[in-house]
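Here is a short briefing on one protein model. It covers a pocket, a sheet, a helix pair and some backbone details.

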Amino acid sequence: MSARERPGREGRPPYEGRFPGYDSLARRPHWDPATAAVVTGRVAGPRPPLRLFAPAEEATARALLERLLDHPPVDLLPMIDARLAERETDGWHYADLPPDDRAWPESMRALDEDARALPGRPAFAELTVRRQDGLIEKVRRAVRWHGWPAKHVWSLWTRYACTAYYSHPAAWDEIGFGGPAFPSGYARLGLGRREPWEVADAHPERQPGADRPEPSAPSDPSSEPSAPSPPSEPPDPPPLPAVTDPGRHSGAKAALATLHQSARRQRAVRRRNASAWLLPRDGLGFDRQLVERMRRHRDEDEVDLVIVGCGAGGTVLAQRMARAGWSVVVLEAGPFWEPLRDWVSDEYASHQLYWTEPRVLSGSDPVPMGSNNSGRGVGGSMVHFAGYAPRFHPSDFETLSRDGVGADWPLAYGDLRGSYQRLEAELPVAGQYWPWGEPHAYPHAPHPVGGNGEVFLRGAAALGLEARVGPVAITNGRFGRRPHCVYRGFCLQGCKVNAKASPLITHLPDALAHGVEVRSDAMAAAVELGPDGLARGVRYLRGGREHLQRARTVAVAGYAIETPRLLLNSANARFPDGLCNDFDQVGRYVMVQGAPQTSGRFEQEVRAYKAPPPEVSTEAFYETDPAKPYRRGFTIQNISPLPITWAEHVVAQGHWGADLRHYLSDYVHWATLGAMAELLPQPGNRVTLAEEKDRHGLPVAHFAYSQCDNDRQLIAAARGVMEAILTAAGASEVITIDRYAHLVGGCRMATRPEDGVVDRDLRSFAVPNLLITDGSVLPTQGAANPALTIMALVDRAAGVLAAGARAGLRTPGRAGRPEHAGRPKRPEHAKPAKHAKHPKHPKHPKRQS
């Protein structure tokens, strides 16, 4: 009998009955209305008829889902069909697969074709369970399947199946997940601790334990599960290591000194950014009066500055320049979020925060888009970033000089030191004294840690590694009108508490108060040039019409995919290969961080979903080690995947069916670490334009990515360290998957136009009054989360821009002909790749006044 067929206690699968009597829906009265509405809508009411699957495809899909999730007690196909029909996809598809809404039905027909090749020519749904499992396992193990890469088909099936099931309360009950926790939050952090309403694991012994086989063909034999042992009370967790912040007082004097210091810092922040004091009096949501009173310009008004993108870079630039007296319009492709109304404590329903417009992926190591690298709406991807806000190290700015890899920046760490300090106070950032890079303190004390952080600290201490708590851009105590974190654990789904920093609440209120206009749901189509070769405004699509917002200065802050795409879509007679692309640099050197995740299973209940996802970190491996065969390094943080993400983690190990359900029933026993490995910039890792068009008729981005040998060695080293930490902490099993995070590059800074797109002040070489103010300008990735550095670069550039205006140079380069105005000859090595030919910009409806 196979592992997937093995019965457990009383003939039931071993994963059932782990959390007896648990009813997550009984908590609905304690959820916020927005969350309660989306979860209730998911489980109640009649299901609409399927729209994308013909009857034969429906039968095959239902049979496939039954096997992938071992007879789930929920009908999953209607949810998958609705997602596909409404194009609520993940926002990308592999170049070697059709878009998801076509790939699903086509792959069902292919699976049926495999079944009909068997004796008797039955349909897939008519096969025995053993034969169905055999065909499914054949796809999982194959290299190519019906002309497609089998691993991409497997990813398609399992991503949608896991999302459908592990977003359902029936699955939460099965795995003991605490579910939505707002407005109450979680109060009992730490190993073995449960809220009064959380249910203890009735069978905390290893499930199924040493008898769990490696992923194998369904016909392989397996042993019966062992009898349960009685649960025992978990021991007290180890104490949190003391903060070693030099210069601190102790006792009552320390508390008084901290209060005075906090008050001084808040007064200093308010003088330059009053955002935290402009929120509603209870600190929650967003003061809609700011939006109602927002200054509004006409398209034909020539404003001082128009910005494309309202994320980390765009919002900081808008706020700084508005304070300098500039008239500013910000164009944002997504909606203007209202946190209390629009954000929910629900993993699946938060997909609206990610960029889900189509993108095409290719390369030997394609990078999936979504929650860990793309944002949509006012606030950008920082709305759903984890809150982790470290600085880059001084070495990050000169990797070529120091280590012979990457590129040197046209500025140094010292040029950003003041910007780092200002932004750490404005966000604000909480954490222990930081001994790595340039040692420094943080404005707020560290947060308490949950079970996941305790595991990390325990394992690091056992290995003699230094680990610290923080730095996170999450208020530790009240800040202005922003309340304290309630540790609800949904930082990646938008902070409904307003405790986690995002530009929506940290810089936008002050920007609006100083006259900035934000136009949401406005998709930028092209940057327009005037006859003098300078930018004269941005063409954008809103409400089914095309507009042109005129401006004396243009800044693009669409991030590492959309910024190159916009410039390429802005091709004209002067720049036939894309705006600012004289030297074929636009779209090149796009980077991600290698972000492998390692999880360890512990006898105690970890319940990692409580507290912010990042709590503890070590940068002990950040710098190049001359004794290693690779250059540069990595950091390690604890992370806390929610059920859907954790299911995808397990599926990536090759587990499905009953094996998948077994692992997920162990969910509360697993702790997870994640690495940030510095992958190197390569010219072939780039954004070009695809033949596919989006709903606006604009060519979508094609992102090709491949790792180099140094990348692979670095990721392997990070995996080894994480596995060692969890093993040292007492994990009985560790599993690791490879993944990516944090897109940067594509329009990098350089000292010469032959090597990049913008200069050290973020001004484009080719069009002097065009700036790029987002993560696409980073020449190297670092091993740190990039949000703080992006904001620091823009803070510095805004200071330069404002200083130039005060000196009488309101628009950079306005007085004279732009440098490099003639079209220089392209170097031979910089010829575009074959698929990088940029089609002419599509015609749009004639602009109406």
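The model is a predicted one. In the second largest pocket, helix H3 supplies the largest share of the lining, 4 residues.

**The second largest pocket**

- Rolling a probe the size of a water molecule over the atoms shows where empty space is left.
- The volume of the second largest pocket is about 440 Å³.
- Its lining is made up of 23 residues, and those that lie nearest the centre of the pocket are Gly-41, Arg-42, Arg-47, Met-79 and Tyr-348.
- Two helices, H1 (33-43) and H3 (77-85), each give at least two residues to this lining.
- By type, the lining residues of the second largest pocket are 12 nonpolar, 7 charged and 4 polar.

**The sheet and the helix across it**

- Strands of a sheet pair through backbone hydrogen bonds, either parallel or antiparallel.
- In this model, an open sheet is formed by 4 strands with mixed pairing, and their order is E1-E6-E18-E17.
- At the edges are strand E1 (93-94) and strand E17 (686-693), each of which pairs on one side only.
- E17 pairs with strand E18 (residues 699-704) in the antiparallel sense, over 5 bridges.
- Within this pairing, Arg-686 has Ala-704 of E18 as its bridge partner.
- Helix H17 (residues 559-569) lies across E17 and E18 and runs at about 70 degrees to E17.

**Two packed helices**

- Helix H2 (residues 55-68) packs against helix H6 (residues 150-166) at an angle of about 75 degrees, and the two axes are 11 Å apart.
- Why is H2 described as roughly perpendicular to H6? Angles of 65 to 115 degrees count as roughly perpendicular, and the angle of about 75 degrees therefore makes H2 roughly perpendicular to H6.
- H2 makes the contact through Leu-64, Leu-65 and Leu-68, while H6 makes it through Trp-154, Trp-157 and Ala-161.
- The residues of this contact of H2 with H6 are 6 nonpolar, with no polar and no charged ones.

**Backbone details**

- Most residues other than glycine have a negative phi, and most peptide bonds are trans.
- Arg-87 is not a glycine, yet it has a positive phi of about 55 degrees. Arg-87 sits in the loop between H3 and E1.
- The peptide bond from Leu-427 to Pro-428 is cis, and its omega is near -20 degrees. Pro-428 belongs to the loop between helix H13 (413-426) and helix H14 (451-463).
- Gly-470 and Pro-471 are also joined by a cis peptide bond, with omega about -5 degrees. Pro-471 is in the loop between strand E7 (468-469) and helix H15 (503-506).

Note on methods. Residues are numbered from 1 along each chain as its sequence is written. This is a predicted model: local features need pLDDT of at least 70, side-chain atom pairs count only at pLDDT 80 or more; totals for chains, interfaces and linings use all residues. Side-chain values use heavy atoms; hydrogens and water are left out. Two strands pair if DSSP finds at least two bridges between them. Contact means heavy atoms within 4.5 Å. Axes are lines fitted to C-alpha atoms, for helices over the stretch in contact, and angles run from 0 to 180 degrees between N-to-C directions. On a 1 Å grid over the protein atoms alone, a cavity is a set of points where a 1.4 Å probe fits but cannot get out, and a pocket is an open set with protein on both sides within 12 Å along at least five of seven lines; lining residues have an atom within 4 Å of a point. Grid points are joined across faces, edges and corners, and a volume is the space filled by probe spheres set on the points. Ala, Val, Leu, Ile, Met, Phe, Trp, Tyr, Cys and Pro count as nonpolar, Asp, Glu, Lys and Arg as charged, and the others, Gly among them, as polar. Angles under 35 degrees count as roughly parallel, over 145 as roughly antiparallel, 65 to 115 as roughly perpendicular and the rest as oblique.
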